[in-house]
Amino acid sequence: MSKKLMALLAALLLVASFAMAAGEKEAAPAAAGVVVDQWEIPFLNSLTGAIASIGEYLQWGAERAAFEINQAGGIAGKPVKVIGVDTALEPQLGVVEMGKIVNWALVALGPVPEPVIMAAAPIAVENEMMTMTATTSLEYAERFFPWSISWFPATADRLPPLATEWAKMAGVKRVVQFVGVYGPWPGMAAAHVDGLKAAGAAHVGDVEFNVDAVTFGPLVVRALDMKPDGIILACWPDKAAKIVQELKNRGWTDMNKILLFSSADDAALYTTGGAALNGTIIYNYINVDTDRPRWIAFKEAYSRDHNGLQPPSLSTNYYDAVYMIKRAIEETGVTGDPRKLKEERKAIAAYMFNMKNFEGLLFNWDMSNGIPTNKPTYLFEIQDGRKKLVKEIRP
Amino acid sequence: MSLALYYFLAITAIYILMSWGLYLPYRVAHLHFLTVANMLISGYLAGFLVQNLGFSFWIALILGFAAGGILGYLISLFIGDAPTFTVVIVGFTFIYVSRTVVENLKAVGGTMGMFGLPTVAGTPSTHRTVLLILLYVLVVVVGFLIYRFEHSRLGRAASAVFVDKDLATSLGVDIKRMGRLVQTFSSLIAGGCGVLYGFIYRSYHLDFFTFHLVGIFMTVIFVGGYATMWGTVIAAPALYGLTLILPTEVASWRIVIYGAILIAVLVLKPEGFITRRLAYRVENALTRKRKRHITDPKGD
Amino acid sequence: MQVFIAQVINGLSLGSIYVLLATGFNLLLIVAMIIHFAYPQVVVFSMYIAWVVLRYTNDNVVLAVLAAIGSSILLNLVSAPLFQKIMKNREEVDINTTMVLSLGIGMIITDILSHGFNKGLPIAFPEALAGTRPLLRVGLISILSGQVSSLLVGVVAVSGIFLLLYKTRAGRAFRAIAEDPAGARLVGIPIVRTGLESYALSGILGGLIAVLLAMLLGYTSPGLGELVAHKVLAVSIIAGLGNLVGGLVVGLALGILEALVQGYISGSWSNAIAFVVMLVVMLFRPRGLFGIKL
């Protein structure tokens with residue numbers, strides 16, 4: 001390739017980079033009532049990189065909601081489109097993309113996951129735009145109130161009752177936790193301990209490890225040396241599966257006395273663990289055996305598109321988020337007029353912050369100052385890759 | 001200036017500075033990955049000083065630079081003239097150690113990270129302006145220093161070390177001192193970058209400082225050109241911007257495209273886009289033009 | 001005492017991973033002077049190929065093994081010329097450029113695996129291949145079939161390759177073209193054919209390693225290669241580049257060290273402590289514990 005051509009290429013690339021980074025959306029013409037031809041909702045998501053498999057089904061959930069809404073006539077009569085914006089796990093992509101989005105969007109979905117949230121969400125806050133971080137804990141989301149809402153109540157409130165119920169049900173007295181050293185998980189592990197105390201069970205120790213652990217024999221031996229009769233796993237899904245297998249290899253038989261936390265309830269748990277997980281208990285926020293028609297349709301569609309797999313629990317979060325946006329737009333009379341962007345953003349955010357009786361895919365809940373109330377949690381038993389409801393726990 | 005353009009420019013400045021931070025030790029054939037650990041340590045230190053102890057940003061920035069420089073200097077006492085492999089292992093070790101220490105330090109937020117760092121000046125808009133100016137002043141200053149280094153005896157000595165360490169020694173080059181100098185300076189730059197990186201985001205999270213950053217900076221250096229400082233200036237915005245301009249369908253294959261570009265450049269243009277010869281020709285042309293202008297400003 | 005023994009056995013199991021990968025890494029170094037930082041990613045790719053074949057052939061292990069070996073050979077044949085094109089001096093190890101090239105190769109492999117296989121999710125190997133059958137279990141001490149196979153085969157592989165490279169004509173030819181291609185040509189060694197044979201050999205080893213890792217771990221994921229790449233490089237450097245026996249000893253020692261740290265101190269500190277220990281060793285023995293053998 002000639003030097004001139006290469007120099008030209010490099011120059012073009014540079015110019016294009018600056019141009020796109022500074023890109024603005026054209027303003028729509030003003031009109032009475034709804035002025036947009038289409039509602040566009042950007043979703044800052046991890047579509048590539050280490051958690052691309054999670055980003056894929058989050059995107060699927062959001063697009064499924066958009067599909068259903070459009071089939072039913074759209075939002076205020078106009079179709080809706082979810083625009084996937086890939087930020088991978090990179091905060092440096094998240095900030096530029098959020099910087100573009102705040103110029104035109106009424107509300108955003110994401111970002112995902114925590115490093116990108118921390119970098120990009122403040123931009124949304126500064127521009128007074130709601131950004132719905134539906135996969136992270138309250139402890140992250142509340143930093144950006146009132147321009148975000150939490151999908152989960154406080155960890156210290158929601159987790160102890162789960163641990164208590166499980167400990168009583170399984171009859172455990174000495175519990176060891178495996179804790180993945182990442183984000184909110186150590187905090188969640190601490191909340192489990194509070195729950196164990198309430199059940200009269202002793203927390204005999206934590207076995208911490210990092211994401212690059214590839215074998216689990218040493219960790220499991222350390223745990224078993226503490227002579228537990230119960231195990232809680234608060235770590236990555238595939239590693240949780242391997243730990244369960246390792247426990248079984250070392251003679252653990254009472255699978256009900258193993259509790260997996262909600263963040264482990266992901267496709268990676270089931271593809272890695274398979275039948276080894278049978279009998280273990282897992283807690284989460286969606287009950288896959290609910291007979292709501294919308295849920296059944298969702299489940300069937302997911303299964304069709306994902307080789308027969310069941311929807312992971314997080315797949316419903318952004319589905320519900322899109323429906324929340326629909327309701328907020330329709331109830332507040334938002335028009336999509338760019339000249340009213342600031343006030344309409346405020347209206348949407350304020351409405352969502354205290355939305356009452358939202359009809360989610362699986363259950364109804366209220367938002368109170370950005371925090372969901374009366375959301376149930378469930379204990380399930382895993383059997384052959386499926387979750388069987390054991391107990392519902394309401395706050 | 002739009003927010004997107006601000007972040008693009010700010011992160012590009014960090015990329016340029018950090019890539020220079022890797023470029024400089026590479027002039028003596030060292031892959032000095034310690035710089036990522038310097039970013040992390042100085043960044044969290046500054047965050048702690050500002051948020052927990054109420055220090056001003058400017059003091060924290062100076063201390064961040066200093067922490068990077070001091071750590072880099074102390075380590076260089078041991079590895080200034082070490083083989084490349086040793087320098088690589090040192091870098092990896094400090095990245096692992098610093099990440100583990102921060103994970104376990106509640107005072108800096110542990111695994112949750114540090115949120116809501118204050119602005120460096122008044123409003124968010126002023127904060128951004130100040131940071132951007134500061135970043136590009138640093139780019140100019142560091143660029144000037146590296147330029148002067150390259151065009152000095154030290155720079156020529158570094159080139160000799162890169163080509164043949166033994167020959168350089170026999171010509172009187174003090175390898176250890178040279179190694180100490182470049183490593184200390186690169187760690188100093190990295191320390192400052194760590195502070196600024198966090199204040200761009202106004203938060204710190206461990207996943208801001210990963211081995212992935214090493215890959216990014218190496219790609220910038222080798223695609224831009226590892227033999228001169230100018231390649232980084234072109235490659236940093238181009239490679240960063242590339243990820244932002246790809247259409248959605250293609251963007252999902254971004255990492256493959258990155259890897260392919262890197263391989264293609266290494267195979268077809270091993271010295272990178274901006275070779276030493278090209279940089280020399282451009283400099284000569286500019287020097288000739290300047291001389292012509294000085295001797296005959298009217299061009300008669 | 002039981003705990004200590006159990007942890008040592010765990011350490012040997014973990015160390016086997018490093019030994020296998022370091023052996024393949026060192027082989028490429030010896031026969032082609034290539035520092036293939038992304039060698040673990042190549043092995044993981046072969047594991048995925050084996051998994052695909054198992055899925056579509058009703059768990060035919062023989063075909064899966066052949067497919068893993070085939071894919072590893074293919075990747076080697078494709079990438080080795082790229083390495084040799086960029087090396088300044090074919091007779092010397094050029095860590096800088098080869099490391100960067102292998103970074104690029106690793107990025108591509110990891111991303112293809114994230115996109116193209118099982119939607120980027122981890123995969124589990126069927127019982128037919130995964131060696132999860134316990135051979136011995138006494139209290140906390142447990143020895144699985146996969147652990148025994150991988151350790152034994154690792155030792156056999158190191159011994160076999162050592163003998164091949166240092167005690168046979170073919171091995172001398174491989175080393176000759178790596179150390180001095182011009183000299184090798186002069187003495188009549190067919191460069192192209194011998195080069196291809198050496199790449200094929202490392203490909204065969206890579207495929208076998210993939211199968212053994214599948215037996216040992218029972219699963220793999222797109223990011224698995226990246227997780228161990230630093231340690232594989234470190235093991236090879238600490239042992240002495242190209243030192244097969246050193247790689248065996250240091251690999252196992254690192255595995256035992258990590259297991260003991262995870263067992264007695266903390267899992268989250270195991271990487272940091274392991275690297276600090278390796279660093280201290282490096283500072284006192286910059287050419288590696290057992291010396292460079294290139």
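Domain bounds in this tour come from an automatic or database domain assignment. The model is predicted: local features need pLDDT of at least 70 and side-chain atom pairs count only at pLDDT 80 or more, whereas totals for chains, interfaces and linings use all residues. Residues are numbered from 1 along each chain as its sequence is written, and chains are lettered from A and ligands numbered from 1 in the order in which they are written.

**The two domains of chain A**

Select residues 28-152 + 315-362 of chain A for domain 1, then 155-284 + 376-393 for domain 2. The C-alpha centres of domain 1 and domain 2 of chain A are 32 Å apart. Between these domains, 8 residues of domain 1 are in contact with 8 residues of domain 2; two residues are in contact if their C-beta atoms, placed from the backbone, lie within 7 Å. On the domain 1 side, H2 and helix H5 (138-141) of chain A each supply at least two residues, and H5(A) has the largest share, 3 residues. Helices (H or I, at least four residues) and strands (E, at least two) are DSSP runs, numbered from the N terminus. By class, this side of domain 1 has 4 nonpolar, 2 polar and 2 charged residues. Ala, Val, Leu, Ile, Met, Phe, Trp, Tyr, Cys and Pro count as nonpolar, Asp, Glu, Lys and Arg as charged, and the others, Gly among them, as polar.

**Chain A against chain B**

Next, display chains A and B together. Their contact involves 40 residues of chain A and 36 residues of chain B. On chain A, select helix H1 (3-21), strand S2 (80-86), helix H3 (91-101) and helix H4 (114-126), which each give two or more residues to this side. H1(A) gives the most, with 9 residues. The side of chain A that touches chain B comprises 25 nonpolar, 8 polar and 7 charged residues.

**Chain A against chain C**

Turn to chain C, where 36 residues are in contact with 31 residues of chain A. The elements of chain A that supply at least two residues here include helix H2 (52-71), strand S6 (202-209) and helix H8 (217-225). H8(A) gives the most, with 7 residues. This side of chain A divides into 13 nonpolar, 10 polar and 8 charged residues.

**A helix in chain B**

Finally, select residues 230-245 of chain B, which form helix H10. Its 16 residues reach 23 Å from the first C-alpha to the last, close to the 22 Å expected at 1.5 Å a residue; the expected span is 1.5 Å times one less than the number of residues. Of the 16 residues of H10(B), 14 are buried (20 or more other C-beta atoms within 10 Å of a residue's own, with C-beta atoms placed from the backbone).

Note on methods: Buried ≥ 20, exposed ≤ 12 C-beta atoms within 10 Å, placed from the backbone.
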